[in-house]
Amino acid sequence: MHRARSGFVKSRTAQTNQIRGLLSEFGIVLRQGIAHVANRLPNIIEDAEDGFSVVFRELLIRVRSYLLEINRQIEALKKLDRYLAQKQY
């Protein structure tokens with residue numbers, strides 16, 4: 001289970017870096033950190049004055065959705081790990 005969780009964490013980091021890279025192509029530079037990117041992304045997507053095309057905005061919505069799903073998987077595995085740890089004692 002730890003190996004699976006570790007894989008999700010690596011995927012989340014890669015997804016976050018991909019989002020930062022996509023945004024940097026449009027002059028939006030976000031500092032490193034999953035929480036920072038996750039907190040800023042909804043406002044960036046909804047900003048109608050940023051000049052993004054409909055297609056790029058849709059791409060951002062999809063990569064954000066994937067990032068949220070990875071986070072859900074990580075949290076689910078954490079809960080399962082805690083549950084199993086309690087059952088052993």
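Modeller: R40 sits in helix α2; helices here are DSSP runs of H or I, at least four residues, numbered from the N terminus. This is a predicted model, where local features need pLDDT of at least 70, side-chain atom pairs count only at pLDDT 80 or more, and totals for chains, interfaces and linings use all residues. Residues are numbered from 1 along each chain as its sequence is written, and side-chain values use heavy atoms, with hydrogens and water left out.

Colleague: Does R40 count as buried, partly exposed or exposed?

Modeller: Partly exposed, because its relative accessibility is 34%. Buried means under 20% relative accessible area, exposed over 50%, and partly exposed in between, with a 1.4 Å probe and protein chains only.

Colleague: How far apart are R40 and L30 in space?

Modeller: They are 8.3 Å apart, C-alpha to C-alpha, and 10 residues apart in sequence.

Colleague: New topic. At what angle do α1 and α3 cross?

Modeller: The axes of α1 (residues 2–24) and α3 (residues 54–87) cross at roughly 160° and come within 9 Å. Axes are lines fitted to C-alpha atoms over the stretch in contact, and angles run from 0 to 180 degrees between N-to-C directions. The two helices are therefore roughly antiparallel, a term for angles over 145 degrees.

Colleague: And which residue classes make up that contact?

Modeller: The contact of α1 with α3 has 15 nonpolar, seven polar and four charged residues. Asp, Glu, Lys and Arg count as charged; Ala, Val, Leu, Ile, Met, Phe, Trp, Tyr, Cys and Pro as nonpolar; the others, Gly among them, as polar.

Colleague: Which residues of α3 are buried?

Modeller: F56, R57, L60, V63, L67, I70, N71, I74 and L77. What covers them includes α1 and α2 (34–46).

Key
Angles under 35 degrees count as roughly parallel, over 145 as roughly antiparallel, 65 to 115 as roughly perpendicular and the rest as oblique. Contact means heavy atoms within 4.5 Å.
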